[in-house]
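Please walk through this structure with me, from the overall fold to single residues. Keep the sequence and the model side by side.

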Amino acid sequence: MPRTASTGNRLHQVNYPSPEKLMMHDDAKDIIAYLRDATVSGEELFATLIGSVEIEISSACNRRCAYCPQSVVARHQELMPIALFRKIVGELHRIDYRKDISFHQFNEPLLVTDHLYVCMREVREKLPGASMNIFTNGDKLTRDVLEELAALGAGTVMATCQYAEGEEWSVKSAVRKIRELCDRLGAPCDIRPQGASLMSLATLGGTELWIMSSDLMRHGSHRLGTVPVDRRERTHAGPCKMMLGSMNISYSGTAYLCCEFCHGVPEQQRYALGSAYDLTVFELLQRKKNFIIPYLSGNPPACCRNCGGN
């Protein structure tokens, strides 16, 4: 169902707040009423709420970082079949999806560039208004690859400089790694603090290049207790935008509540929403709704109470 003007304005017409406004308020009764409204279709709900679709196009990664579940979980190395990827994109095409889409969860997409390029061409053809974002550890990022990603329409390429086993993060080493990657790519280097990270931002045509470094053993996520990150106490200003606004599908086709879940961790399977092989993304969101309503009502699932990302 295309997102017509009447569909796009429905929240305003019935006095429901937008997800962006909801993030700034503690009172979630209006969005709960919207979620419980039986006249709202799955397509409309998706078009209204979801601002980020993450599709893990493969399980492969060349690193085993201590702050990533890849370091502790044995995952079969395989690609998401292109037929499944096309099914998902075809469903998004039905609502003229125009928001963020990326190709990672816990994988390194540049290990499978041929597969990635096919997926990007599919998105560009079927979802020309969507913003494609590439997240990479930077190991396989070259100037040629960067130019190909830009030519295929990547909105953002974010490279996070990683560390070898036993190597500790420091400002000095972070600056060095960022400069080395900028030099390798022939990109200007202008390093600035960004929250708990250091980052250099450049542009290539219409593509933004973010090269960053963070002390992820201190400021990262413990991925629901899967990895030994030294989690600090954090506060969350309003409802979690990942719970409300994301659709996360692993390389196996299994969808999860958010980006904290790694396919292959047995303890996390109870939070699986179902398979994209069997269900549409709209049906998967309807299942996610059964977690969102208790979450907004003050009775979040256990995974949210132990979230390392908040």
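**Helix pairs and selected residues**

Helix α6 passes α7 in a right-handed crossing. The model is a predicted one. The axes of α6 (residues 82–94) and α7 come within 10 Å and cross at roughly 20°. Angles under 35 degrees count as roughly parallel. α6 and α7 are therefore roughly parallel to each other. Which residues make the contact? From α6 come Ile82, Phe85, Arg86, Val89 and His93. From α7 come His115, Val118, Cys119, Glu122, Val123 and Lys126. By class, the residues of the contact of α6 with α7 divide into six nonpolar, two polar and three charged.

α7 covers residues 113–126, and α8 covers residues 143–151. Their axes come within 10 Å, with a crossing of roughly 20°. α7 and α8 are therefore roughly parallel to each other. The crossing of α7 and α8 is right-handed. On the α7 side, the contact uses Leu116, Tyr117, Met120 and Arg121. These meet Val145, Glu148 and Leu149 in α8. The contact of α7 with α8 has five nonpolar residues, two charged residues and no polar ones.

Now turn to another helix pair. Helix α5 (residues 42–49) packs with helix α12 (residues 281–296) at an angle of about 75°. Their axes are 9 Å apart. Angles of 65 to 115 degrees count as roughly perpendicular. α5 and α12 are therefore roughly perpendicular to each other. Gly42, Glu43, Leu45 and Phe46 of α5 take part in the contact. From α12, the contact takes in Val281, Phe282, Leu285, Gln286 and Lys289. Five residues of the contact of α5 with α12 are nonpolar, two are polar and two are charged.

Stay with α5 for a moment. Glu44 sits in this helix, α5. Is Glu44 buried or exposed? Glu44 has a relative accessible area of 8%, so Glu44 is buried. Buried means under 20% relative accessible area. Glu44 and Phe282 are 238 residues apart along the chain.

Next, step back to the whole protein. The secondary structure comes to 13 helices and ten strands. The protein has 310 residues, and 54% of them count as buried. Take the contacts in the protein with a separation of 6 or more: residues 24 or more positions apart account for 64% of them. The protein exposes about 14,300 Å². Carbon and sulfur atoms supply 51% of that area.

A strand residue comes next. Thr156 lies in strand β4, which spans residues 154–160. Its relative accessibility is 14%, so Thr156 counts as buried. What does Thr156 touch, not counting residues up to four places away in sequence? Thr156 touches Met132, Asn133 and Ile134, and also Thr207, Glu208 and Trp210.

Follow the chain out of β4. Ser170 is in the loop between β4 and α9 (171–185). At 29% relative accessibility, Ser170 counts as partly exposed. Ser170 and Ser214 are 44 residues apart in sequence. Their C-alpha atoms are 8.9 Å apart in space.

Ser214 comes up again in the contacts of Ala196. Ala196 is placed in the loop between β5 (191–194) and β6 (197–204). Ala196 counts as partly exposed, at 42% relative accessibility. Leaving aside its neighbours within four places in sequence, Ala196 is in contact with Ser214 and His219. Arg218 is 22 residues from Ala196 in sequence. From C-alpha to C-alpha, Ala196 and Arg218 are 9.6 Å apart.

Last, a backbone angle. Asp96 is in the loop between α6 and β2 (100–102). Asp96 counts as partly exposed, at 32% relative accessibility. What is the phi of Asp96? The value is near 55°, a positive phi in a residue other than glycine. Most residues other than glycine have a negative phi.

Methods:
Residues numbered from 1 in each chain as written. Predicted model: local features only at pLDDT ≥ 70, side-chain atom pairs only at ≥ 80, totals over all residues. Heavy atoms only, no water. Axes fitted to C-alpha atoms, helices over the stretch in contact; angles between N-to-C directions. Helix = DSSP H or I, 4+ residues; strand = E, 2+ residues; numbered from the N terminus. Parallel < 35°, antiparallel > 145°, perpendicular 65-115°, else oblique. Left-handed = near helix turned anticlockwise from the far one by under 90°. Contact = heavy atoms within 4.5 Å. Nonpolar A, V, L, I, M, F, W, Y, C, P; charged D, E, K, R; others polar. Buried < 20%, exposed > 50% of the residue type's maximum accessible area, 1.4 Å probe, protein only. Areas by Shrake-Rupley, 256 points an atom, 1.4 Å probe, with all protein chains shown as cover.
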